[in-house]
Each structure stands twice: as C-alpha cells, then as structure tokens.
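Subject: Handing over a structure, with notes on its helices and rings

Dear colleague,

Please have it open while you read.

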Amino acid sequence: MTLRAGLEDTLFSVEVEASSEPRDADAFACAVILAICTASVTPSVGRRTYGRCLRALAAGATARLGFRHPGKADAIDAIWRERHRLYGEYAASADKLGYLATLPWIGPMTRRAAAWNLGLTGAADEPERRAVA
C-alpha cells in the first residue's frame, strides 16, 4: 500500500493504492480515515474531506476543522489519537476483517472500503455475514 501524506509548500498531496498491508500505525490510520471520509459521498468529495482532515490532524487540531459531520469527526479523532494501539491490535488479529468492524464509525460498507485500503482485497469481496434468527 502506498499512502503518502505530506505538507509541501502549503499544498497537500495524498496517494492511495490498495496492494499490501500497512507498514505502520500512520498508514493504518490513514487507510481507515479514508474509508470513513469517502463513505456515502462522491469520490471527489471524499478525497477533499480526507485531505482537510489530515491537514487538521497534522496541525494537531481536531478533524472537525475538515469534517462537519460530528460522529465521523469524533471517530477520526479517536482513530488518529489511538492509532498505535489500534494498529498493534489489527496486526495481531487473526480476523482482520472482523477487527475492522470494532473500530468507531465502521459499518459493513465502510469496513469493505477500509479492507480494500488496507490491502485485504479478497476480504473486501466477501458477502456480509448475517445472523439468522
């Protein structure tokens, strides 16, 4: 996975390519944050929101500066704040797709997007498992 976020001459560039496991906690958090930002919006809106959120987080501020949705912004802040612990738990998990479902603001569709962003391409294609009563 190639995830690069950098502030260069006040311009922000983001590259995302799904192909392998994240190398560190920052890459993991960025992949999950991208899935949250692109949920239920067009890809271009999601990418702009993602860029604004990462700029805010890089400046030490809250994602609320880049994202007006309070629930998603709080989830992004929590993921960024706890990224080292969350990445350790993710890396140690035998069921990575199941682990993603435990993250804040990750539902079935967002989990698929996060799985794709994290290089779990086969897992992202799995049908949802539903309990039958």
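Predicted model: local features only at pLDDT ≥ 70, side-chain atom pairs only at ≥ 80, totals over all residues.

Residues are numbered from 1 along each chain as its sequence is written, and side-chain values use heavy atoms, with hydrogens and water left out.

Helix packing

Two packed helices are described by the angle between their axes and the distance between the axes. Helices here are DSSP runs of H or I with at least four residues, numbered from the N terminus, and their axes are lines fitted to C-alpha atoms over the stretch in contact, with angles running from 0 to 180 degrees between N-to-C directions.

Helix 1 (residues 25–38) and helix 4 (residues 83–92) have axes that come within 9 Å and cross at roughly 90 degrees, which makes helix 1 roughly perpendicular to helix 4 (the term covers 65 to 115 degrees). On the side of helix 1, Ala25, Asp26, Phe28 and Ala29 take part, and they meet Arg83, His84, Leu86, Tyr87 and Tyr90 of helix 4, where a contact means heavy atoms within 4.5 Å. The residues of this contact divide into six nonpolar, one polar and two charged; Ala, Val, Leu, Ile, Met, Phe, Trp, Tyr, Cys and Pro count as nonpolar, Asp, Glu, Lys and Arg as charged, and the others, Gly among them, as polar.

With helix 3 (residues 70–81), the axis of helix 1 comes within 10 Å and crosses at roughly 170 degrees, so helix 1 is roughly antiparallel to helix 3 (over 145 degrees). The residues of this contact divide into 10 nonpolar, no polar and two charged.

Aromatic rings

The structure holds three aromatic pairs, a pair being rings of Phe, Tyr or Trp (its six-membered ring) with centres within 6.5 Å, called stacked when the planes are under 30 degrees apart, edge-to-face when over 60 and tilted for the rest. One of them joins Phe28 and Tyr90, tilted at 35 degrees between the planes and 4.9 Å centre to centre, and it links distant parts of the chain, with Phe28 in helix 1 and Tyr90 in helix 4, 62 residues apart. The pair of Tyr90 and Tyr99 is also tilted, because the planes stand at 55 degrees, with the centres 6.4 Å apart. Ring pairs link Phe28, Tyr87, Tyr90 and Tyr99 into a cluster. Phe28 and Tyr90 are both buried, as is Tyr99 (under 20% relative accessible area, with a 1.4 Å probe and protein chains only).

The charged end of Lys96 sits over the ring of Tyr90, 5.0 Å from its centre, and that of Arg83 sits over the ring of Trp80 at 3.9 Å; this requires NZ of Lys or CZ of Arg within 6 Å of the ring centre and within 35 degrees of the ring normal.

Two single residues

Thr49, in helix 2 (residues 43–58), is buried with a relative accessible area of 5%, and it touches Cys37, Gly66 and Phe67, not counting residues up to four places away in sequence. Leu100, in helix 5 (residues 96–100), counts as buried at 0% relative accessibility. Leu100 and Ala115 are 15 residues apart in sequence and 7.7 Å apart in space, C-alpha to C-alpha.

Technical notes:
Helix = DSSP H or I, 4+ residues; strand = E, 2+ residues; numbered from the N terminus. Parallel < 35°, antiparallel > 145°, perpendicular 65-115°, else oblique. Buried < 20%, exposed > 50% of the residue type's maximum accessible area, 1.4 Å probe, protein only.
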